[in-house]
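Reader: Could you take me through this model, setting each value against the definition behind its label?

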Amino acid sequence: MTTDIEALAKGGRTNVAGFFIRLIARIPFLIVGGQWYGAEALGRLAYAIIVLEFAAQIATLGLKRGLALHMAGDGKDNGAWDALVVVGVATLIPVALLMTVPQIMFPNSAIRPLDYLLPLLIVPSIAATEVMLAALAYRFNVRATVTARAIVEPWTISIAAIGLWWVAPGEALIVAYLFSIVFALIAAGIPFLRTYGLPKQWKPRPTELFALARRNAPLAAADAIEWGSRRLDIAILGLFVSPATVGIYWVAQQIASLPLKLKTSFDPVLGPVITQKLAEGDRGAVARQISQVGFWILAAQVGVALALGIPAQALLGLIGPGGSFIGGTAALALLLFAEVVASLAVVSEAALVYVARYRNMLASFWVIGLQAVLSVAIIMSLRAQGFGEPWLAAGAAGALVIALAMGSAIKSRMAAQILDAPVSVWRWPIVLAAAAAILVGQIFIRTPEWVELAIGAPAILGVYCWIIWTRGFREDDRALFRKATG
């Protein structure tokens with residue numbers, strides 16, 4: 001148990017550090033995109049990203065998390081290469097579809113020559129990167145994920161967006177995004193080859209590979225649904241509001257999705273630990289592990305949500321000229337809260353994907369269906385009452401909060417029943433820490449914006465972390481910030 005916690009804690013330390021690196025790297029692109037290109041251009045990019053990344057998500061066939069189970073069994077020797085072949089073949093259909101009908105990516109704007117090539121370049125790159133990073137995380141190498149996702153990808157898109165402004169401003173954002181995906185692929189490929197090398201005495205086995213894809217179907221569906229739940233709001237909102245409002249909402253979503261990165265690296269790290277304990281028949285240990293990691297994730301997400309949410313208006317004021325993005329403040333606050341309420345579902349699902357794939361998939365279908373219905377109902381109701389587009393955007397975010405809260409309740413109960421042990425991420429010191437952080441925040445929101453952001457946000461997070469450390473963390477939790485022994 002101690003070794004497992006040390007492995008999880010090591011991944012957690014790297015992941016938390018990666019979050020702050022990603023936060024610092026993401027802000028320049030959002031500012032450049034908002035100030036130089038405008039909300040409408042960002043909205044066009046946002047819709048294309050949703051479609052392209054959804055296609056890549058489907059093509060991974062659930063192997064981002066399912067790879068651990070495959071490599072622990074049939075794919076012990078060349079399992080990572082098996083997965084890359086499966087994913088490569090799976091990208092063919094969505095790539096062909098999007099190249100044939102690029103209007104799916106750009107429904108409200110003219111199609112440019114480069115748009116036809118985007119699926120061919122981006123979808124396989126994203127899918128292959130996900131598989132390679134999952135294979136590295138199986139060996140507890142989370143640093144590769146941080147490097148690719150928190151350093152290479154965001155800094156590449158920021159630098160490219162700045163440099164291409166003088167070369168081809170009309171295509172600059174799309175090309176910058178393309179560069180970021182390709183460079184992230186390279187950043188993942190180098191450590192992957194160093195770790196696994198080229199395949200030895202291996203050749204593709206169509207029958208076994210098809211069985212692998214079929215076995216991962218429920219997991220692939222659950223992953224696609226979870227991914228889609230964070231993008232469905234934009235897809236639906238785009239039917240009711242202007243591209244500019246979509247762009248503002250997307251910026252808010254990009255900021256709010258940063259806490260989500262705090263949990264993503266735990267998925268593949270948790271995988272091998274959970275599969276080992278399940279093989280030993282120790283389901284109680286699995287419940288304890290996901291509860292502990294869940295608390296780490298929840299505690300971090302609450303702190304980040306407060307640090308970004310309290311000065312949200314000042315933060316969005318940086319993005320566009322003349323405060324044009326401030327209308328997304330309510331949506332940003334709700335999206336940050338959505339990531340907090342999703343914490344319990346996230347860690348519960350880490351176990352459910354191995355012990356109850358089909359039930360987990362059905363629960364995920366129900367959650368995203370609820371989100372779709374609520375989104376349309378709330379947006380239409382607000383529009384009928386004469387509310388403006390910023391409030392419609394907040395309505396979409398509110399629907400996401402409700403759906404994710406229901407999903408957390410359902411999946412945590414399901415996990416507790418199947419594991420025959422309690423699954424809980426909640427500890428009361430979080431309330432005390434949050435209250436202190438809010439009090440500090442109320443002081444700083446009355447100061448100039450630069451003080452609120454430069455001093456206030458770190459102060460909010462600092463007070464929160466100090467109370468969580470002294471009142472919320474137990475001795476075993478402190479392993480998160482200690483160097484692993486041995």
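**A helix and some aromatic rings**

Author: Helix H15, residues 283–309, has 27 residues and reaches 37 Å from its first C-alpha to its last, close to the expected 39 Å, the expected span being 1.5 Å times one less than the number of residues. Helices here are DSSP runs of H or I with at least four residues, numbered from the N terminus. This is a predicted model, in which local features need pLDDT of at least 70 and side-chain atom pairs count only at pLDDT 80 or more, while totals for chains, interfaces and linings use all residues. Residues are numbered from 1 along each chain as its sequence is written, and side-chain values use heavy atoms, with hydrogens and water left out.

Reader: What makes H15 largely enclosed by the rest of the structure?

Author: Buried means under 20% relative accessible area, exposed over 50% and partly exposed in between (1.4 Å probe, protein chains only); 22 of the 27 residues of H15 are buried, so the helix is largely enclosed.

Reader: Why is the pair of Phe387 and Trp391 called edge-to-face?

Author: Rings of Phe, Tyr and Trp (its six-membered ring) pair if their centres lie within 6.5 Å, and planes under 30 degrees apart count as stacked, over 60 as edge-to-face and the rest as tilted. By this rule the count comes to seven aromatic pairs. The centres of Phe387 and Trp391 are 6.2 Å apart and their planes stand at 65°, so the pair is edge-to-face.

Reader: Why does Phe387 count as partly exposed?

Author: Its relative accessible area is 37%, so Phe387 is partly exposed.

How values were computed
Helix = DSSP H or I, 4+ residues; strand = E, 2+ residues; numbered from the N terminus.
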